[in-house]
Amino acid sequence: MFGGRKIWIVFAAMASLTLGACEQFKQVQEEREASTTVDGAYLADLGTGENWAATGYNYDEQRYSPLTQINADSVSELGVAWFADLPDARGQEATPVVVDGRMYISSAWSKVFAYDAKTGEELWSYDPEVPGETAAKACCDVVNRGVAFWKGKIYVGTLDGRLIALDALTGAQLWVTRTTPEDGNYTITGAPRVVKNMVLIGNGGAEFGVRGYVSAYDANDGTLKWRFYTVPNPSGEADDAASDEILQTAKRTWSEGGEWTESGGGGTVWDAIVYDHELDQLYIGTGNGNPWNHGARSNGEGDNLFLSSIVALKPETGEYIWHYQQTPADSWDFTATQPIILADVSYEGVGRKVLMQAPKNGFFFVLDRTDGSLISAEPFIDGINWAEGYDLETGRPIENPEARYYRTGKPFLAMPSALGAHNWHPMSYNPNTGLVYIPAQQIAAAYLPPMNDLEKVRKPIGYNTGASGEGFTLPDDRTAVKAAIAATKGRLVAINPVTGDIAWKVEQETPWNGGTMTTAGNLVFQGTALGQMHAYAADSGDLLWSYDVQSGVLGGASTYMVDGEQYIAFLTSKGGAFPLLIGEGGGAANAVPNIPRLIVMKIGGDTQLPALPKQQPIVWSPPTRIGTAAQVAQGRQLYMRYCSVCHGGGAVGGGVLPDLRRSAVLADTETWSKIVLEGALADGGMIGFAPVLSETESEAVRAYAIDRAHYGAEHADTAQPE
Ligand code: CA
């Protein structure tokens, strides 16, 4: 009897469980049927603006929304509708994607979050559990620039080189595929794109040494469909890839020997991958060479295809169609990976299908995308000195010979520099005004050949640029430092692609400002490194509205509509290459708090952001100096070689990672060595440097950091709160 009752209870429990699961399943099914089918046809269209279904809005990636509820008249009533704090105080670079009232973002460490786009309720989250030590392979923070939505699935690339498909409704992992070799220096920070049921993804790593490529995977199961390498195989062998044939030709633009044969040459496809649904072509932007120094990379010979190029491919097969190389024989980290926008524009009544890009090198490129021919290349910042312009016949830059530092053997103070006249921060195009809105910047840096073997010889850890680290280190002279900070600026540029004229511009105190987004409401939105969200009139550039968002803004905003209300969504934080690398040169932005957060605004929104945490007074307690002057000098060299790209030039923190000068560990040789050599903090990204540093060298770096702590204490204006 007893046994029978037990069975009955179990049976009843199972029945109710099944009923619950059934209900849930039914609900999921109903929601699936009611949802918009985001596919190729959907992304080819401008649509109503209700959804922001792809990272760049749709296939054209204009980041232009037809919504008008928020417009020049109503924008001043914008307030916070809801916000969500994010777990990691690192760079947040994604543009929120919204489909059917659900929002999807990727965050630092490639984590994905889904929210109810109206209420802000978190629906699910997904952590791919990227190993912390991967951070040491990332040139520019542990960022991720967004997810792709396609037929009910979400796709994300992870920092450690995986491509992952998730169920958009539940966040359940559907498939995972590794898209980079595990032992390479590859990372993924870019957003995947989906074309013809294939997920396209590239990768980064060209500062360390990799061979760039883009891959296409079946959206249903993650099977590799094709791969296109951007640089010839140094072994001379075929890769059995879509690029095999064209790379036979490209190989003639590389030297026989040279460091590229060891490093892979670079040319990584780390951001722009854009599909042209009208011409059925795919455009990829490729990165810089490895090492940067063309003299070391390719013996100073050849253009080095396809570095710093836009390459058109056939979407089905990945076969080459055409290319245009912006910076032949790149030696300055002038990538052509920056966002690409497709548009139809009219030249004196003649319509042309164009592709537009404002890459790092400072010229705004308009190409005829039918064949890749150069229409125009106009400067969008001041003082460009590596080239005076472009020869439109040949498509080549008219170079300043002094820019090739490896030939002259002399330093070249370049404008722009590796951080770019424009970096990855999204730009936008408004078809009503005919203007492109570029988050531009003025950042100079010096390039000079390696000063010693430490800089010259390739290392298994850290950047291998073949150039000296001196170029990103400020001198001790306070007048020079102040002048450098003052000259480092941001600029929002509205450029007319047809005339090349700058219609309007906004000067900004600091660089590394957020991406832009534009709407049919005649608005341009841009957040800044100084913690403001601004709206400008798209036609005139008049500042219409500003809002204190408490922290920096890096990425682009998106806009969408739910239940008749228009929303603006964006992420805040500090991070990416600039604050990690630039040290004191970050200026006023260094002191801005780092708050990782998703903020969503609407007209009449009345949610208050939490009060800022009280700033702690800056305390300097530099430990007693150690080492001789020679050891400090040695430590400075080692610091520039291995530490400065994350901990900042001159050991000045940019407000993202701890300022080493005020680290308690400075005084403690044992703990210092456990962290620096043995990797005690590897989970956070600080790997052990024992493979490249001896105990004595590690102590020399400590001696240098203590020296910088004393310098900081004497010049308190270098201090940033953490
Ligand atoms: Ca680079």
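Reply:
**Cysteines up close**

Let's start with Cys 643, which is buried, with a relative accessible area of 16%. Here buried means under 20% relative accessible area, exposed means over 50%, and partly exposed lies in between, using a 1.4 Å probe and protein chains only. Please keep in mind that this is a predicted model, where local features need pLDDT of at least 70 and side-chain atom pairs count only at pLDDT 80 or more, while totals for chains, interfaces and linings use all residues. Residues are numbered from 1 along each chain as its sequence is written, and side-chain values use heavy atoms, with hydrogens and water left out.

For Cys 643, the closest cysteine sulfur belongs to Cys 646, but at 9.1 Å it is too far for a bond. Cys 646 itself is partly exposed, at 26% relative accessibility. Its sulfur has the one in Cys 140 as its closest cysteine sulfur, and that distance of 9.0 Å is also too far for a bond.

That brings us to Cys 140, which does have a partner: a disulfide joins it to Cys 139, with the sulfurs 2.2 Å apart. A disulfide is a covalent bond between the sulfur atoms of two cysteines. The rule applied here is a pair of cysteine sulfur atoms within 2.5 Å, and by this rule the count comes to 1 disulfide. The torsion about the S-S bond of Cys 139 and Cys 140 is about -105 degrees, so this disulfide is left-handed. Cys 139 is partly exposed, with a relative accessible area of 23%, and Cys 140 is partly exposed with 23% as well.

Now for the setting. The protein has 13 helices and 37 strands, counted as DSSP runs (H or I, at least four residues, for helices; E, at least two, for strands). Its radius of gyration is 25 Å, close to the 27 Å that the globule rule gives for 722 residues, so the protein is as compact as a globular protein of that length. That radius is taken over C-alpha atoms, and the rule is 2.2 Å times the number of residues to the power 0.38. Along the principal axes, the C-alpha atoms fill a box of roughly 85 × 75 × 55 Å. Of the 722 residues, 62% count as buried. Finally, among contacts (heavy atoms within 4.5 Å) with a separation of 6 or more, 63% link residues 24 or more positions apart.
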